[in-house]
Amino acid sequence: MPTLAQASSAQRTAGAVRGRVLTAGRGLGALLALAALAPALAQTADDFPKRRPGLWEIRTVGAQASGLPPTQFCVGDDTDTAEHHLDRGVGRRGSCQFGAFRRAGSAWLAESVCRESRSVVTSRAIATGDFSSAYRIDTQVVYDPPLAGIRREDKEALEAHWSGPCLPGQKPGDMVVPGMGTLNMLDGAFRAEPQPAAAPRRRPAKAAR
């Protein structure tokens, strides 16, 4: 059975969350510049991106993600909060400090800092969309000094679309990782996909006398 860490990594998708090195579009540079220039608005307790409740299909985009199946995420009325939104927990976890999404013009900006080996890993994520039908998150990751001496930055992107109500048996926070199972992002519970029933063995036919 896969561990919770493996399931979370698989989605960072799925999931989301959580990534693959992708070829992002040129629009990311413009978004980053806009975020840097936009005046910061006062952050209030309810000022964070909040998705429409229901089932969201989340797909990693880019050349290297071509053909990968999307994950599904069940969003409830209270799934997105000031401390946890867009599959991102705010605060310190291990060697990482995750910042909250804050308004940057018409977009939302979140920054994080982690330590990986001898490198300081800084990521900047920009979320755009209406969060009622579709949204996109572009992320730029910078390594200082370069990871393994050669890897200076990564670019990632994901797109999400609302597909309707959550399916029967799903609960808020459930993230379905194709080929692995369901990981609940709120309580950490993991449910593996049921194994297909084995086909009954056929008895060899008796030889005619």
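User: Are Cys96 and Cys114 buried or exposed?

Analyst: Cys96 is buried, and Cys114 is buried too. Here buried means under 20% relative accessible area, exposed means over 50%, and partly exposed lies in between (1.4 Å probe, protein chains only). Please note that this is a predicted model, in which local features need pLDDT of at least 70 and side-chain atom pairs count only at pLDDT 80 or more, while totals for chains, interfaces and linings use all residues. Residues are numbered from 1 along each chain as its sequence is written, and side-chain values use heavy atoms, with hydrogens and water left out.

User: What do Cys96 and Cys114 form?

Analyst: They form a disulfide, with their sulfur atoms 2.1 Å apart. A disulfide is a pair of cysteine sulfur atoms within 2.5 Å. The torsion about the S-S bond of Cys96 and Cys114 is about 120°, so this disulfide is right-handed. Cys96 lies in strand E6 (residues 96-98) and Cys114 in strand E8 (residues 107-116), so the pair ties together parts that are 18 residues apart in sequence. Helices (H or I, at least four residues) and strands (E, at least two) are DSSP runs, numbered from the N terminus.

User: How many disulfides does the structure hold?

Analyst: The structure holds 2 disulfides. One of them joins Cys74 to Cys166, with a distance of 2.1 Å from S to S. Cys74 belongs to strand E2 (residues 71-75), and Cys166 to the loop between strand E11 (151-164) and strand E12 (174-177), so this bond ties together parts that are 92 residues apart in sequence. Its S-S torsion is about 110°, so the disulfide of Cys74 and Cys166 is right-handed.

User: Which pattern do the disulfides follow?

Analyst: With bonded cysteines counted along the chain, the pattern is 1-4, 2-3.

User: And why does Cys166 count as partly exposed?

Analyst: Cys166 counts as partly exposed because its relative accessibility is 24%. Cys74, in contrast, is buried, with a relative accessible area of 2%.

User: Changing topic: how many helices and strands are there in the protein chain?

Analyst: The protein chain has 2 helices and 14 strands. Of its 209 residues, 40% are buried. The chain exposes about 12400 Å², and carbon and sulfur atoms supply 54% of that area. Such areas come from the Shrake-Rupley method with a 1.4 Å probe; for residues, only the protein chains shown count as cover.

User: What about aromatic rings? How many aromatic pairs does the count come to?

Analyst: The count comes to 2 aromatic pairs. Rings of Phe, Tyr and Trp (its six-membered ring) pair if their centres lie within 6.5 Å; planes under 30 degrees apart count as stacked, over 60 as edge-to-face and the rest as tilted. Trp56 and Tyr135 form a tilted pair, 5.3 Å centre to centre with 55° between the planes. Trp56 lies in strand E1 (residues 54-60) and Tyr135 in strand E10 (residues 134-147), so the pair ties together parts that are 79 residues apart in sequence. The rings of Phe131 and Tyr135 have centres 5.4 Å apart and planes at 35°, so that pair is tilted as well.

User: Which residues do the ring pairs link into a cluster?

Analyst: The cluster consists of Trp56, Phe131 and Tyr135. Trp56 and Tyr135 are buried, and Phe131 is buried with a relative accessible area of 6%.

User: Where does the charged end of Arg52 sit?

Analyst: It sits over the ring of Trp162, 3.5 Å from the ring centre. Likewise, the charged end of Arg88 sits over the ring of Phe101, 5.4 Å from its centre. A charge sits over a ring if NZ of Lys or CZ of Arg is within 6 Å of the ring centre and within 35 degrees of the ring normal.

User: One more residue: where does Thr79 lie?

Analyst: Thr79 lies in the loop between E2 and strand E3 (84-85), and Thr79 is buried with a relative accessible area of 2%. Leaving aside neighbours within four places in sequence, Thr79 is in contact (heavy atoms within 4.5 Å) with residues including Arg51, Phe73, Cys74 and Pro172.

User: Last one: is Pro194 buried or exposed?

Analyst: Pro194 is exposed, with a relative accessible area of 75%. Pro194 is found in the segment after strand E14 (190-192).
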